[in-house]
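Q: Could we go through this structure together, one region at a time?

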Amino acid sequence: MKKNGEVARSFKEMALDWKVPHPTNRYCNPGVSQPSKIGYHQHCVPSNLCKIIWTLTECHNVVPPQPYYEACVASGCSEQHPSTECQSMQTYAALCGLHGVCVDWRRLTNGQCEASCPQDQVYKPCGEAKRNTCFSRKVMDTLPSQKSTSVFVEGCYCPDGKILLNDDDGICVSVCGCTAQDGSVKQPREAWEHDCQYCTCDEATLNISCFPRPCAKSPPINCTKEGFVRKTKPRLEDPCCTETVCECDIKTCIINKTGCDLGFQPVVAMSEDGCCPIFSCIPKGVCVFEGVEFKPGAMVPKSSCENCVCTDEQDPVTQTNHIQCLPVQCQTTCQQGFRSVEEKGQCCSQCQQEACVANFPFGNVTIEVGKSYKDPYDNCTQYTCTESAGQFSLTSTIKVCLPFEEANCVPGTVEVSSDGCCKTCIDLPHKCKRNVKEQYIVHGKCRSAAPVPVPFCEGMCSTYSVYSFEASEMEHKCACCHEKRSHKVKVELVCSDHKRVKFTYMYVDECGCVETKCPKRIT
């Protein structure tokens, strides 16, 4: 629909016809893009919302309802733009208002097209097109009155009895005034204080004018104490005004830092007539010896012949703590294997090792370096003491004897070694011993895959016959070369049918002469 009431052929034609010229609006230009086609179902049932247009009879004579009803139905039935009936209804009501006809259409929608407003404003279906503000009212009061055609516009307005403060803030006020720095509204000719300034609201222009608050002058002041300087700062009772005071500035002080001797520490005190620090030295409560400080209870190495300790008692002359010394208690005896030796520079003699000490059940035995001692309980063991680089070592030597069997000796030839450890003798000729031969083991139709070791015993043993005068008969001794120790060994045999079986035989570990009974000779 165009402004003259004619039906527009397209949305673009209608939009350009309602264009309002504005020098600062850079968005409204003829370059309107082609709208997408609105498709809808031919058999769509019109909603009750669109039918409200037919109830607004007071506007039918100025704005024909049929095109807007069809547009509303098309919007509601559109597949791409559903639920836009409220926009169509709003467009029709706005045209009615432009022609001076007020229609309260939203009240008939049962909340489906409800309008929302800011907290301090209310919705009006037929308000004035130009919203009055405190500033615009002042301007309009100075202009001659002009009669104009009534135009109604729906929207959010101030409640009855209130007016907009300005076009920007959207604040509704009962009485026009000025907007203060904190956002509050001040009444015309009202005065207030802000940021150390007196401010008033001009009744004619509703503008705020401020000027600095006057302050009383501070009396002249001289700072004579050391370390104090003149400074300007806000008054405690009135921060908006300043005053000149004397304030301590340690940077202006002349500080003489003195080093303290050992046993003393620096302290800082403030001067009585100023703010500058004064340095002095006080005792730490420690002992001092050869440039080293010692706390009470600590050992002080004054002399190797004395045990010295730092006490809590202060020396009145040096003002450091007193050092108390006692003679060292020396050890007078040394343990076994050590002897007492005097050393230069030492107060006490030192125990120095000179021999080894062997421990036995009956007691300790001292063994000198290079000497040996035979174990009284074991003729085959002896102990020897050695020394290397001051380190003493006691080593034991155990003599190992050759295997001895008296049965293999010629009778009467057994002897004991000079140290009493081992026995020796003259062996019998061809004495019994263990030999080994390699051979295949055959059992039935099975045979070992390779020769295996088979130990056996062979040799002579002592066998004799002698007349016994005590028994008045011949005595016989018979001994056989026999295995003394053996074990079983398993070997794998391969049979003629290619089967494998396990075979066990006796493996001789040791051979020796074993005495046996000689058969009595029958005469």
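Predicted model: local features only at pLDDT ≥ 70, side-chain atom pairs only at ≥ 80, totals over all residues.

Q: How many residues lie between β24 and β25 in the hairpin, and what is the phi of A389?
A: The hairpin of β24 and β25 has 2 residues between the strands. A389, in the turn, has a positive phi of about 55°.

Q: Which residues make up β23, and how does β23 pair with β24?
A: Strand β23 covers residues 372–374, and its pairing with β24 (residues 381–388) is antiparallel, over 3 bridges. S372 is found opposite T384 in β24.

Q: Moving on to β16, β17 and β18: in what order do they form a sheet?
A: The order is β16-β17-β18, in an open sheet of 3 strands with antiparallel pairing. Because β16 (299–300) and β18 (321–327) each have a single partner strand, they stand at the edges, and one side of each is left without a neighbour in the sheet.

Q: How many bridges join β16 to β17?
A: There are 2 bridges between β16 and strand β17 (residues 306–314). M299 has V309 in β17 as its bridge partner.

Q: Now the helices. At what angle do α2 and α3 cross?
A: The axes of α2 (residues 66–77) and α3 (residues 85–98) cross at roughly 165° and come within 8 Å. Angles over 145 degrees count as roughly antiparallel, and α2 and α3 are therefore roughly antiparallel to each other. Their crossing is right-handed.

Q: Which residues of α2 and α3 meet?
A: On the α2 side they are Y68, A71, C72, S75 and G76, and these meet E85, S88, T91, Y92 and L95 in α3. By class, the contact of α2 with α3 has 5 nonpolar, 4 polar and 1 charged residues.

Q: One last topic: where is G274, and is it buried or exposed?
A: G274 is in the loop between β12 (264–270) and β13 (277–283). It counts as buried because its relative accessibility is 17%, and the cut-off for buried is under 20%.

Q: What does G274 touch, leaving out residues up to four places away in sequence?
A: With those left out, G274 touches K225, E226 and F228.

Q: And how far is G274 from I250?
A: Their C-alpha atoms are separated by 10.0 Å, and the two residues are 24 residues apart along the chain.

Key:
Residues numbered from 1 in each chain as written. Heavy atoms only, no water. Pairing = 2+ DSSP bridges. Helix = DSSP H or I, 4+ residues; strand = E, 2+ residues; numbered from the N terminus. Axes fitted to C-alpha atoms, helices over the stretch in contact; angles between N-to-C directions. Parallel < 35°, antiparallel > 145°, perpendicular 65-115°, else oblique. Left-handed = near helix turned anticlockwise from the far one by under 90°. Contact = heavy atoms within 4.5 Å. Nonpolar A, V, L, I, M, F, W, Y, C, P; charged D, E, K, R; others polar. Buried < 20%, exposed > 50% of the residue type's maximum accessible area, 1.4 Å probe, protein only.
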